[in-house]
Amino acid sequence: MRIQPPGLTTGVVCATIFEDVTVIATESLSKRFPRVTALDRLSLDIGPGVTGLVGSNGAGKSTLIKILLGLSPATEGRAAVLGLDVATSGAAIRERVGYMPEHDCLPPDVSATEFVVHMARMSGLPPTAARERTADTLRHVGLYEERYRPIGGYSTGMKQRVKLAQALVHDPQLVLLDEPTNGLDPVGRDEMLGLIRRVHTDFGISVLVTSHLLGELERTCDHVVVIDGGTLLRSSSTSDFTQTTTTLAVEVTDSDTHPDGTDALRQVLTRAGVNLVGHDGLDGQGLPGAGHILLVEATGEETYDIVRDSVAGLGLGLVRMEQRRHHIAEVFRTEEAPRAAAVTQTVSAVVGAVQQKGSGRDEH
Ligand SMILES: Nc1ncnc2c1ncn2[C@@H]1O[C@H](COP(=O)(O)OP(=O)(O)OP(=O)(O)O)[C@@H](O)[C@H]1O
Ligand SMILES: [Mg+2]
């Protein structure tokens with residue numbers, strides 16, 4: 001898909017840092033508050049598709065989003081969204097971009113329909129179009145049945161869906177979603193991530209989504225940008241992060257003769273001189289039943305043959321033998337240990353947990 005620079009005259013196209021396939025570009029972007037530097041010479045180039053922006057608390061994710069929307073001026077550097085300079089074309093950017101803020105900002109006394117229609121009208125849609133688009137959008141986010149109930153009675157998951165709906169209702173080219181999975185349980189998170197993926201696949205809308213969780217973005221995003229302390233740690237396609245390794249994951253059944261089939265295979269492979277990597281560090285990284293999976297260093301085709309013959313010789317069933325891919329968090333542990341440690345620790349700490357964040361921050 002090619003994103004063309006929009007043709008409206010209200011925006012100033014920032015041609016020098018914008019190319020046809022660039023949706024968001026920043027160049028040495030800094031934001032300094034009196035006591036903290038939230039962004040420090042950040043240069044990014046984000047194309048169409050679903051992009052994850054990952055960083056721990058205070059990394060600068062929300063600050064970046066507010067600058068991209070033209071709501072908060074940068075201290076230094078430049079940024080362009082859909083080819084429009086954020087410093088001069090905030091209103092034109094907000095016409096074309098949807099924004100889902102991280103904090104709860106919904107009026108409790110009105111229904112989802114009333115609120116989303118209001119937001120559609122604010123975005124310039126005429127009354128009939130606003131009502132039609134609201135119905136379509138609420139159906140898309142799975143809130144159609146409850147659309148006439150007051151928002152105050154909604155669950156956290158339903159409120160997040162209303163926030164997503166209002167970001168989509170004016171049919172933007174790009175949505176900026178600030179922690180849409182915040183406060184959701186694992187099932188709710190999966191549903192929200194599925195919805196976000198479909199925003200791109202069904203409607204062709206590009207997405208920038210922030211999260212603390214590298215793992216969840218790995219499944220949802222085409223591209224992942226990791227920031228820490230306002231600086232760029234890494235920006236890569238998800239597939240670059242998760243390249244295949246030379247490690248084979250081998251899982252076998254148990255049998256009457258070998259009640260612990262995994263251990264029996266481990267002994268046979270060790271005697272055959274195969275290098276076992278063990279299974280430390282896999283638990284909690286998203287590989288089901290990691291404790292029963294042997295990690296074998298593959299030196300060539302012959303390793304596959306040895307494993308196959310050993311499993312057959314023991315009379316066990318081979319459940320799987322596959323080349324492992326990196327998980328993004330592992331890449332950070334091994335490649336970029338010092339500064340990425342904070343990100344990785346955050347990731348480990350919050351995987352599987354419902355996030356409750358403090359709100360003692362000095363907001364705009
Ligand atoms: N209006 C403000 N005034 C002063 N400091 C601010 C302001 N907004 C943000 N900051 C500071 O800038 C840094 C980055 O904050 P930001 O909200 O962008 O981080 P974040 O990555 O979104 O974090 P979180 O995951 O907690 O939402 C933090 O140290 C924060 O305290
Ligand atoms: Mg934030």
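In this predicted model, six strands line up as an open sheet with mixed pairing, running in the order β6-β7-β8-β3-β9-β10. The edges go to β6 (97–100) and β10 (231–237); each of these has a single partner strand, so one side of each is left without a neighbour in the sheet.

Gly 52 sits opposite Val 224 of β9. Helix α6 (residues 186–203) packs on the sheet and touches β3, β7 (174–177) and β8 (206–211). The direction of α6 makes about 160° with that of β8.

Then there is the sheet of four strands, also described as open, with the order β2-β1-β4-β5 and antiparallel pairing. Here β2 (37–46) and β5 (84–85) take the edge positions, and since each has just a single partner strand, one side of each is left without a neighbour in the sheet. Strand β1 (residues 24–32) pairs with β2 in the antiparallel sense, over six bridges. Thr 26 faces Leu 44 of β2 across that pairing. This sheet has a helix packed on it as well: α1 (residues 61–68), which touches β1, β2 and β4 (76–81). The direction of α1 makes about 115° with that of β1.

Key:
Residues numbered from 1 in each chain as written. Chains lettered and ligands numbered in written order. Predicted model: local features only at pLDDT ≥ 70, side-chain atom pairs only at ≥ 80, totals over all residues. Pairing = 2+ DSSP bridges. Helix = DSSP H or I, 4+ residues; strand = E, 2+ residues; numbered from the N terminus. Contact = placed C-beta atoms within 7 Å. Axes fitted to C-alpha atoms, helices over the stretch in contact; angles between N-to-C directions.
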